[in-house]
Amino acid sequence: MTAHEPETEGLTCREVVGLLADYLESALGQERMRELEEHLAGCEPCRAYLNTYQRTKALTAETERVAMPEEMKDRLRQFLLRALSNDP
């Protein structure tokens, strides 16, 4: 057990990190959600990670998207067509 692993029989920090995307999308079952929230309640490093994850997700959603230049679209299209035509 690492220094930041809480001494519980529930989820490990590694497992919590792996479930955060589903947690934020409310895609976990009730039992798994309860286990994750129980872990978060007793684990400051995982709460900090969750806060960073949420902030990163929010900042990414706020960024402006840049349109791909037409030349690049054409080159990508040609590359994909060549790659698909060589597919067995």
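What pattern does the protein chain follow, read along the sequence? I read α-α-α-α. The model I am working from is predicted. I counted four helices and zero strands in the protein chain. I then looked up burial: 18% of the 88 residues count as buried.

**Helix H1**

I started with H1, residues 13-24. It has 12 residues and reaches 16 Å from first C-alpha to last. That is close to the 16 Å expected at 1.5 Å a residue. Which residues of H1 are buried? I found Cys13, Val16, Leu19, Leu20 and Tyr23. Seen down the axis of H1, these buried residues fall within an arc of 150 degrees, so they line one face of the helix. On the other side of H1, I noted Arg14 and Gly18 as exposed.

**Cysteines**

Next I searched the whole structure for disulfides and got zero. The cut-off is 2.5 Å between the sulfur atoms. Cys46 is likewise in no disulfide, its nearest cysteine sulfur being that of Cys13. I checked accessibility for both. Cys13 counts as buried at 4% relative accessibility. Cys46 counts as buried at 5%.

**Between H1 and H2**

I looked at Ser26, in the loop between H1 and helix H2 (30-42). Its phi is positive, about 55 degrees, although Ser26 is not a glycine. Most residues other than glycine have a negative phi. Is Ser26 buried or exposed? Ser26 is exposed, with a relative accessible area of 59%.

In helix H2 I picked out Arg32. Arg32 counts as partly exposed, at 36% relative accessibility.

**Salt bridges**

How many salt bridges are there? My count came to seven.

I took Glu25 and Lys57 to begin with. Their closest N and O atoms are 2.6 Å apart. This pair links distant parts of the chain, 32 residues apart. Glu25 is in the loop between H1 and H2, and Lys57 is in helix H3. I have Glu25 as exposed at 51% relative accessibility, and Lys57 as partly exposed at 40%.

Then I turned to helix H4. Glu70 forms a salt bridge with Lys73, with 3.3 Å between the closest N and O atoms. Being three residues apart in H4, the two are separated by about one helical turn. Glu70 is exposed at 52%, whereas Lys73 is partly exposed at 31%.

Asp74 and Arg77 also meet in a salt bridge, 2.9 Å from N to O. Both lie in helix H4, three residues apart, about one turn of the helix. I have Asp74 as partly exposed at 38% relative accessibility, and Arg77 as partly exposed at 44%. I also found a network: salt bridges that share partners join Glu31, Arg34 and Glu38.

**Nonpolar patch**

Last, I looked for nonpolar residues on the surface. Which ones form a patch? I listed Met68, Met72, Leu76, Phe79, Leu80 and Leu84. Together they have about 580 Å² of accessible area. I placed Met68 in the loop between helix H3 (44-62) and helix H4 (70-85). Met68 counts as partly exposed, at 36% relative accessibility.

Key: Residues are numbered from 1 along each chain as its sequence is written. This is a predicted model: local features need pLDDT of at least 70, side-chain atom pairs count only at pLDDT 80 or more; totals for chains, interfaces and linings use all residues. Side-chain values use heavy atoms; hydrogens and water are left out. Patches are made of residues with over 30% relative accessible area and no salt bridge: like charges are joined within 9 Å, nonpolar side chains (Val, Leu, Ile, Met, Phe, Trp, Tyr) within 5 Å. Accessible areas come from the Shrake-Rupley method with a 1.4 Å probe; for residues, only the protein chains shown count as cover. A salt bridge is a side-chain nitrogen of Lys or Arg within 4 Å of a carboxyl oxygen of Asp or Glu. Buried means under 20% relative accessible area, exposed over 50%, partly exposed in between (1.4 Å probe, protein chains only). The expected span of a helix is 1.5 Å times one less than its number of residues. The arc is that of the directions from the helix axis to the C-beta atoms.
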